[in-house]
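The notes are grouped by topic.

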Amino acid sequence: MRSKAKYSIEGCIGCQVCVNIAPSVFKLNHQGTAEIKNPNADLAVVKEASDQCPSESIIIN
Ligand code: SF4
C-alpha cells in the first residue's frame, strides 16, 4: 500500500514546478501561488515536488 502525504504549502513563489510535476496534486490559485488539489496524494509524488520546489515551500508533516 502506498503512503499518503500530509503536507502544506508556505511561502510559494508561484514558479509552477510542482504543478508541472504533479498536476493532479497541485494547482495554481488566483493569486498565482500553489495550493493543494489532492489532500490524499501519494507521499512519493509530494516528496518529488517538495525536492524540486526552489523556495522549499512544500512542507511534509
Ligand atoms: S514548486 Fe514551490 S514555489 Fe513553485 S509553485 Fe510549487 S510550491 Fe510554489
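In what order do the elements of the protein chain run from the N terminus on? The order is β-α-β-β-α-β, with helices (H or I, at least four residues) and strands (E, at least two) taken as DSSP runs numbered from the N terminus. The model is predicted: local features need pLDDT of at least 70, side-chain atom pairs count only at pLDDT 80 or more, and totals for chains, interfaces and linings use all residues. Residues are numbered from 1 along each chain as its sequence is written.

**Overall fold**
- The protein chain has 2 helices and 4 strands.
- Its radius of gyration (over C-alpha atoms) is 10 Å, close to the 10 Å that the globule rule gives for 61 residues, so the chain is as compact as a globular protein of that length.
- The globule rule is 2.2 Å times the number of residues to the power 0.38.
- Along the principal axes, the C-alpha atoms fill a box of roughly 35 × 20 × 20 Å.

- Of the 61 residues, 20% count as buried, meaning 20 or more other C-beta atoms within 10 Å of the residue's own, with C-beta atoms placed from the backbone.
- Leaving aside neighbours within four places in sequence, Phe 26 is in contact (C-beta atoms within 7 Å) with Cys 18, Val 19, Ala 34, Ile 36, Lys 37 and Ala 49.

**Ligand**
- The ligand is surrounded by 16 residues, each with its C-beta atom, placed from the backbone, within 6 Å.
- The closest are Cys 12, Cys 15, Val 17, Cys 18 and Cys 53.

Note on methods: Two residues are in contact if their C-beta atoms, placed from the backbone, lie within 7 Å. A residue is buried if 20 or more other C-beta atoms lie within 10 Å of its own, exposed if 12 or fewer, and partly exposed in between; C-beta atoms are placed from the backbone.
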